[in-house]
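Here's a quick briefing on the structure below. It goes topic by topic, with the cut-offs spelled out as they come up.

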Amino acid sequence: MDVHERYMSRCLQLARHALGHAAPNPMVGAVLVHEGRIIGEGWHRYCGGAHAEVECLGNVAPEDRHLIPNATLYVSLEPCAHHGRTPPCADRILQEGIRHVVVACRDPFPLVDGRGIDRLREAGVQVTCGVLESKAKATNARFFLLNTAPRPYIILKWAQSSDGMVAGPGGKPRRISSPSTDRLVHLWRSQESGIFVGSGTAGIDDPRLTARIPGGRNPLRVVVDRHLSLPRSLRLFDGVAPTLVCNLHRDGEEGNVAYARLADAPDLLPGLLDILHRRQVQSLLVEGGVQWLQSFLVSGLWDEARVITATHTRIPGGLPAPVASWQGGPDRTLRSGDDRIDFHTHPRMYG
């Protein structure tokens, strides 16, 4: 690993601290280096907060500020050049007199998309691009997809018994995963923008769909309820977290519950994803039910799948899990209590 890659790796490490907090903005890390010494670093902590470059420069100690013009700024995504919720980072870099900026990859957001790099180069700044580019894009896969495709980044998740069942006979709810895995799932929820179930799962399981871990951020709860038939006594409507009900009849808001009208079509999935994209939902954790999970799999509209298998549990006569045709084995496997968790990535993500 060369010098540029070493410092860019630190940028990416910092950027990942913002998983679940920066959306719909990207996760970005920045490091300022003077003669082999890091004199400042930072990351974009939350949407609307200071960008990584600004936080990095602000964290330089007073006794080191005179070194800034001769330092190299590493940043995991192209500095912005437009006025949004915060001023352009490219302007701040120029104000500080920095002469060399190393960028992992361009920002696909239409108001940036090369403008930040051009702004710096036109002002005489040396800009080095493409350092750990593929890793930087993978880190921000959610952000890149939101800005290049009309849908969120989609993660499918289900728990199944060792004999491939997700519920008891007749779909009766059964606890399958171990307590340690349940805690991990709550962490996953806190890292994504939205969480989805169909009306069948909502009505039978009455899930809360919240992130019940210390400091956990609740995702947007999303349900498709075609004819608004779900009872308002369900925990989805408890007001604890924002909820979006996609349906065939109306739009509007009632307290912490929003309604979005779907076009009446044989396949509601494209309309659902269009609504979420227009609402800037960067990522969606799909937790059920089986028919919806199968629809995502068949359509190819998914990016990751996390399959939890309770290796010591069998459910004779239960409800079968979705049928998936993985290309090869899982990308990685994790053990959690008595469970095995297989992580699959859609082949397109390797392209």
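Predicted model: local features only at pLDDT ≥ 70, side-chain atom pairs only at ≥ 80, totals over all residues.

Residues are numbered from 1 along each chain as its sequence is written, and side-chain values use heavy atoms, with hydrogens and water left out.

- Cys105 is in no disulfide either, as the nearest cysteine sulfur, that of Cys129, is 9.4 Å away.
- Cys11 is buried, at a relative accessible area of 0%, and Cys105 is buried too, at 3%.
- On the burial scale, buried means under 20% relative accessible area, exposed means over 50%, and partly exposed is in between (1.4 Å probe, protein chains only).

**Nonpolar cores**

- As background, nonpolar side chains tend to be buried together in soluble globular proteins.
- The largest nonpolar core here has 44 residues, and Met8, Leu32, Leu73, Tyr74, Ile98, Val101 and Leu120 are those with the most contacts inside it.
- Helix H1 (residues 3-15) gives the largest share of this core, six residues.
- A nonpolar core is a set of buried Ala, Val, Leu, Ile, Met, Phe, Trp, Tyr and Cys residues joined through side-chain atoms within 4.5 Å.
- Helices (H or I, at least four residues) and strands (E, at least two) are DSSP runs, numbered from the N terminus.
- Leaving out neighbours within four places in sequence, Ile98 is in contact (heavy atoms within 4.5 Å) with Leu32, Leu57, Ile68, Pro69, Ala71, Leu73, Ile93 and Val125.

**Cavity and pocket**

- Both come from a 1 Å grid over the protein atoms alone: a cavity is a set of points where a 1.4 Å probe fits but cannot get out, a pocket is an open set with protein on both sides within 12 Å along at least five of seven lines, and lining residues have an atom within 4 Å of a point.
- Grid points are joined across faces, edges and corners, and a volume is the space filled by probe spheres set on the points.
- Searching the whole structure turns up one cavity of 30 Å³ or more, and the largest cavity has a volume of about 90 Å³.
- Its lining has 18 residues, with Gly20, Ala23, Met27, Arg142 and Gln282 nearest the centre.
- That cavity lining splits into seven nonpolar, nine polar and two charged residues; Ala, Val, Leu, Ile, Met, Phe, Trp, Tyr, Cys and Pro count as nonpolar, Asp, Glu, Lys and Arg as charged, and the others, Gly among them, as polar.
- The largest pocket has a volume of about 1,300 Å³, and of its 44 lining residues, Val166, Thr201, Asp205, Pro207 and Glu287 lie nearest the centre.
- Among the elements giving two or more residues to that pocket lining are strand S6 (153-161), helix H7 (179-191) and helix H10 (290-299).
- By class, the pocket lining has 20 nonpolar, 12 polar and 12 charged residues.

**The loop between H1 and S1**

- Gly20 is placed in the loop between H1 and strand S1 (29-34) and is buried, at 11%.
- Not counting residues up to four places away in sequence, Gly20 touches Ser190, Gln191 and Arg217.
- Val28 lies in the loop between H1 and S1 and is buried, at 8%.
- Val28 and Asn140 are 112 residues apart in sequence and 8.5 Å apart in space, C-alpha to C-alpha.

**Asn247 and Arg226**

- Asn247 is found in strand S10 (residues 243-247) and is buried, at 0%.
- Arg226, from the loop between strand S9 (220-224) and S10, is partly exposed, at 36%.
- The two are 21 residues apart in sequence, with 4.3 Å between their C-alpha atoms.
- Beyond four places in sequence, Arg226 is in contact with Cys246, Asn247, Leu248, His249 and Leu268.

Notes: Disulfide = S-S within 2.5 Å.
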